[in-house]
Amino acid sequence: MRYVQLRAFHYVAICGGFSRAAEALFLTQPAISDQVRKLEEEYDVLLFNRHKKQVSLTQQGQQLLDITHRMFDTEQQALDLLSESKALRSGVLRIVADAAHHMLHVLGRFREAYPGIQISVRSGNTETVISSLFAYEADLGILGEIPQGREFEILHLNSTPIIAFVAGSHALAGRQSVTLEELVGHSLIMRERGSKTRHKLEAMAQDHGVTLKATIEAEGREAVREIVASGAGVGFVSAAEFGLHSGLSPLRIDAPEVMMDEALICLRERSGGKLVRAFWKIAEQVAVEN
């Protein structure tokens with residue numbers, strides 16, 4: 001087994017094709033194809049399903065990708081260690097968050113300390129955050145459900161209750177609170193399934209004998225906010241994520257508070273990366289101050 005063969009396989013897998021892998025590695029497509037073919041022939045395995053110029057991983061290919069992810073990430077960490085000062089002057093830090101609101105203060109300070117670092121921020125629900133970390137598509141995650149297991153380093157940021165909110169023109173606007181029973185009589189705008197906010201709210205209501213059914217299901221917090229702002233119904237969000245929004249009225253839910261924890265997480269095996277450690281240190285300082 002040769003390094004170049006594993007590298008060729010890895011890039012075909014993460015890039016989604018031989019030609020894209022060749023471009024990423026500045027090689028020719030025949031060279032990439034030859035390395036993968038030799039790897040498959042030497043060990044008598046099929047790593048990719050090939051069909052009309054489309055490639056997909058076989059089960060063995062997926063298992064090997066899990067290993068090469070760790071292999072090449074460790075290689076990158078070694079490179080960072082050997083060029084520490086350079087690693088903190090340039091590079092890309094990838095973050096996937098269920099709500100960017102919780103890291104705004106951290107981002108500002110990080111940018112002041114490391115202006116040469118490019119930051120990529122994507123949004124997604126809890127499932128997306130976790131899967132992105134495991135797939136090495138993100139370095140850090142921010143989410144409203146602290147994961148179980150020893151795979152993660154976790155930094156608690158805050159805890160706030162889930163609240164309801166409506167447009168200023170809605171019948172409930174101006175109220176201080178609303179009961180679960182009253183919510184049943186209104187159109188409810190819910191996040192997609194997989195959202196921890198939705199899951200916790202529905203579970204709490206069920207415990208009190210109330211079934212909350214989504215009239216409209218929207219993917220993403222901003223989509224819910226826009227639909228609620230149009231007057232279409234009642235939305236739900238953690239108090240920390242509501243912020244200050246003209247035209248929208250928050251409502252306390254008259255029931256035992258359902259708290260949403262917000263945490264910064266990363267895979268334990270990747271916590272030694274220079275950029276991850278630098279961001280984490282600043283986040284710890286901000287968490288203490290808050």
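Student: Which residue is the bridge partner of Ile 95 in S5?

Tutor: Start with the terms: helices (H or I, at least four residues) and strands (E, at least two) are DSSP runs, numbered from the N terminus. Two strands pair if DSSP finds at least two bridges between them. Here the partner of Ile 95 in S5 is Leu 140. S3 and S5 run parallel and are joined by three bridges.

Student: What kind of model is this, and how are positions counted?

Tutor: It is a predicted model, in which local features need pLDDT of at least 70 and side-chain atom pairs count only at pLDDT 80 or more, while totals for chains, interfaces and linings use all residues. Residues are numbered from 1 along each chain as its sequence is written, and side-chain values use heavy atoms, with hydrogens and water left out.

Student: Which way do S5 and S12 run, parallel or antiparallel?

Tutor: S5 and S12 run antiparallel, joined by three bridges. Within that pairing, Gly 141 stands opposite Ile 265 in S12.

Student: Are the faces of S5 covered or open?

Tutor: For this you need the cut-offs: buried means under 20% relative accessible area, exposed over 50%, and partly exposed in between (1.4 Å probe, protein chains only). Both faces of S5 are covered. Leu 140 and Ile 142 are buried on one side, and Gly 141 and Leu 143 are buried on the other.

Student: What does Leu 140 touch?

Tutor: Contact means heavy atoms within 4.5 Å. Not counting residues up to four places away in sequence, Leu 140 touches, among others, Leu 93, Ile 95, Leu 133, Leu 264, Val 276, Phe 279 and Trp 280.

Student: How do I read a nonpolar core?

Tutor: In soluble globular proteins, nonpolar side chains tend to be buried together. A nonpolar core is a set of buried Ala, Val, Leu, Ile, Met, Phe, Trp, Tyr and Cys residues joined through side-chain atoms within 4.5 Å. The largest one here has 22 residues, and Leu 93, Ile 95, Phe 110, Leu 140, Leu 264 and Phe 279 touch the most other members. Elements giving two or more residues to this core include S3 (92-97), H6 (104-113), S5 (140-143), S12 (259-267) and H12 (274-289). H12 supplies the largest share, eight residues. Apart from this core lies another, of 21 residues, among them Ala 164, Met 190, Phe 236 and Leu 251.

Student: Which strand pairs with S3 over six bridges?

Tutor: That strand is S4 (residues 118-123), and the pairing is parallel. The bridge partner of Val 92 in S4 is Gln 118. The chain crosses from S3 through H6 to S4, and this β-α-β crossover is right-handed. A crossover is right-handed if, with the strands pointing away from the viewer, the path from the first strand over the helix to the second runs clockwise.

Student: Which residues of H6 are buried?

Tutor: They are Val 106, Leu 107 and Phe 110. These residues lie on the same side of H6 because they cover an arc of only 100° around the axis. The arc is that of the directions from the helix axis to the C-beta atoms. On the other side of H6, His 105 and Glu 112 are exposed. The cover over the buried residues of H6 includes S3, S4 and H12.

Student: Which residues of H2 are buried, and which are exposed on the face turned away?

Tutor: In H2 (residues 18-25), the buried residues are Phe 18, Ala 21, Ala 22 and Leu 25. Seen down the axis, the buried residues of H2 fall within an arc of 100°, so they line one face of the helix. Arg 20 and Glu 23 are exposed on the face turned away. What covers the buried residues of H2 includes H1 (3-15), H3 (29-43), S1 (48-51) and S2 (54-57). Just after H2, Phe 26 takes a positive phi of about 60°.

Student: Where is Tyr 136, and is this residue buried or exposed?

Tutor: Tyr 136 is in the loop between H7 (126-134) and S5. Tyr 136 counts as buried because its relative accessible area is 10%. Its phi is near 60°, a positive value in a residue other than glycine.
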